[in-house]
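Hi,

Here is the structure for you to look through. My notes on the packing and the aromatic rings follow below.

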Amino acid sequence: MPVLTRPRPAAPALRTAKEPRRPARPSFVRRHAFPIAVLTPSLILIGIFVYGFIGYSVRVSLSQWQGLQPNLSTRQPFGQTYDDLFHTARFQADLRNVTVFTVLFLTLAVLIGLVLALLVHNALAGRAVFRAIFLFPYSLSFIVTGVVWRWIFTPSTGANLILDKLGIEHGPKWITDPKVAGDVSAALETVIPGGDFIQVKLGIPLAVVPIVIAASWQLAGFAMANFLAALGTLPEELREAASLDGAGTWRYHWHIVLPWLRPMIVVVLILLGHVSLKSFDLVYAMSGQGPGFATDVPGIFVFDQTFRALRYNTGAAAAVVMLIMVAVVMVPYLYRSVLREKKS
């Protein structure tokens, strides 16, 4: 008896037609042709006139160029200009002055800007008027500010005339005072190896204080404007929730407003610190070098060494030191900002 079997299904016919190929992905240059074409001229100019000149300044700082005749031959031993620079008493005083000025100025400007921002933000009426009044000094040039405040802090005029009317006969010497308060150079010489190279008093030059007041008066409005922008993003629900929880005005500002403003405070500190480290025009117009270089700053030192003494290598070396000081403040902030954008 024959065995019945199922017929096997026919094998599917092989595909003979070729599958359509996916179109090749355009190259990076084709995909970004327009942005590259727009940005390339700017990148070339920045590379030449910013980074190229920075490299040239470094080259000049290592050379023997002194006088009108260029001389780019390397000075021996290598880096001797920088060694002489840091052993110069005037430049040591400049580094002391700009450090003291930056710390005092940032503290005063940020505190005043924060207080003004809170007052304007909580004002019931006239908010726009007060904002314009407090921001007005920022619109002035540093030269104008320096000239006006120089008259105010000249011992024979300005503020001392008011003190005379109040019965205070011997007023402060202000920008003409050569004293340095809180000298710690002797203590540092015993702590820092090789600290005997310090040739100036490391303290607070009293003549710097009037410059700090003038700079804070001009830039506190800038800090206020930034804080007002941050306060504008503060949700009103937080104030209502704090009031429902029984938090008073002080606790509300301490536990809610200040933490909310913390990122903006960091930004303002970075921006104002960058301005203070390379300060020149305000100090130059207000007091110049000052008595015993009490108000001298690296910017004035670079100007004198380059355009008056014609020591181009020394002036370039001081400029490179200023660049490094500013980079120490700016680069970490920019690096953190880039990392934050990548994470988001």
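Buried means under 20% relative accessible area, exposed over 50%, and partly exposed in between (1.4 Å probe, protein chains only). By that rule phenylalanine 303 is partly exposed, with a relative accessible area of 27%. Phenylalanine 280 also counts as partly exposed, at 28%.

This is a predicted model: local features need pLDDT of at least 70, side-chain atom pairs count only at pLDDT 80 or more, and totals for chains, interfaces and linings use all residues. Numbering runs from 1 along each chain as its sequence is written, and side-chain values use heavy atoms, without hydrogens and water.

Now the rings. There are 15 aromatic pairs in the structure. Rings of Phe, Tyr and Trp (its six-membered ring) pair if their centres lie within 6.5 Å; planes under 30 degrees apart are stacked, over 60 edge-to-face, the rest tilted. Phenylalanine 153 and tryptophan 174 have ring centres 4.7 Å apart and planes at 55°, so this pair is tilted. Both phenylalanine 153 and tryptophan 174 are buried. The rings of phenylalanine 280 and phenylalanine 303 sit with centres 5.9 Å apart and planes at 55°, so that pair is tilted. Ring pairs also link Trp149, Phe153, Trp174 and Trp217 into a cluster.

Next, the packing. Phenylalanine 227 is in contact (heavy atoms within 4.5 Å) with several residues, leaving aside its neighbours within four places in sequence. Among them are Val110, Leu114, Leu261 and Val268.

Best wishes
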